[in-house]
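Open the structure in your viewer and keep the selection tool at hand. Each stop below says what to select and what is there.

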Amino acid sequence: MSRLKMKIIPVPVRSDNYAYLLVDEQTKEAAAVDIYDVPKVIAKAEAENVKITSLLTTHHHNDHSGGNDAFASQYPGIKIYGGSSRCPSMTDEVKDGDILKVGANVTIKYMHKALSYLGTLPDDTVTYPGHEYTASNFKFGASIEPENEAIKKGIKLAEDNKITTGLTTIGDEKQFNVFMRLDNEAVKKATGESMPDSITDKLRTMKNNS
């Protein structure tokens, strides 16, 4: 499938979350992702002249699934996909590797172990995160790798763009995301660890405390 047949429309919700519309440009059908703010996402769909035909929930946390019940009530019969029974109003549970279809041309692969899989994608794959944590992520990255030029450029990117989703690729992430740079000596030194799992655990602890 040509990537040009799918359009990804970000919809900022709450203070730092994103919902998305994944649109089949031929049929104008769309899957909504993490529809926390139902009126806002519906308004965006109407403005783009697309019809929401399914709802995808990445996980059960309220800032991602908080709009599910309202959406199910407003649009009965539309499938609501989720990764566990804890997702509100879920009609269909999906597992790692399951393929979902939107419209006539768009297929979506559900991933559970996202971070480990991301590194295997082509470097030109565009990233669309669920949160707008870009500025804080670069700030943390700079504390781990202060001489990393890619991180310095990323800080400027965050300063210049309030919405950064869709502006970076997997190749970029490999240059500035310390969680994808576990073999880097500066990252090992900052964490005091040498094994990938231990480095990741230490980075998470350091990030949570930063």
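The tour goes from the cores to one strand residue, then to helix pairs and loops.

**Before you start**

This is a predicted model, in which local features need pLDDT of at least 70, side-chain atom pairs count only at pLDDT 80 or more, and totals for chains, interfaces and linings use all residues. Residues are numbered from 1 along each chain as its sequence is written, and side-chain values use heavy atoms, with hydrogens and water left out.

**Stop 1: the cores**

Select L21, A32, I35, V41, I52 and F71. These have the most contacts inside the largest nonpolar core, which has 19 residues. A nonpolar core is a set of buried Ala, Val, Leu, Ile, Met, Phe, Trp, Tyr and Cys residues joined through side-chain atoms within 4.5 Å. Buried means under 20% relative accessible area, exposed over 50%, and partly exposed in between (1.4 Å probe, protein chains only).

Now colour the elements that give two or more residues to this core: β1 (6–13), β2 (17–24), β3 (29–33), α1 (38–47) and β4 (51–57). Helices (H or I, at least four residues) and strands (E, at least two) are DSSP runs, numbered from the N terminus. Which element gives the most to this core? It is α1, with four residues.

Centre on V41. Neighbours within four places in sequence aside, V41 is in contact with V11, A19, L21, A32, I35 and I52. Contact means heavy atoms within 4.5 Å.

**Stop 2: V23**

Go to V23 in strand β2. Is V23 buried or exposed? V23 counts as buried because its relative accessibility is 2%. Beyond its neighbours within four places in sequence, V23 is in contact with K5, M6, K7, I9, K28, E29, A30, V50 and V106. Draw a distance from V23 to A45. Their C-alpha atoms are separated by 9.5 Å, and the two are 22 residues apart along the chain.

**Stop 3**

Two packed helices are described by the angle between their axes and the distance between the axes. Axes are lines fitted to C-alpha atoms, for helices over the stretch in contact, and angles run from 0 to 180 degrees between N-to-C directions.

Show α5 (residues 134–144) and α9 (residues 196–208). They pack at an angle of about 120°, with axes 11 Å apart. So α5 is oblique to α9. Angles under 35 degrees count as roughly parallel, over 145 as roughly antiparallel, 65 to 115 as roughly perpendicular and the rest as oblique.

S136, N137, F140 and I144 in α5 meet L203, M206 and K207 in α9.

**Stop 3: α5 with α6**

Keep α5 and switch to α6 (residues 149–160). Here the angle is about 155°, with the axes 9 Å apart. Therefore α5 is roughly antiparallel to α6. T134, A135, F138, G141 and A142 in α5 meet I151, G154, I155 and A158 in α6.

**Stop 4: two loop residues**

Most residues other than glycine have a negative phi. Select R14, in the loop between β1 and β2. Its phi is positive, near 55°. R14 counts as partly exposed, at 46% relative accessibility.

Finish at K28, in the loop between β2 and β3. K28 is not a glycine, yet has a positive phi of about 65°. At 36% relative accessibility, K28 counts as partly exposed.
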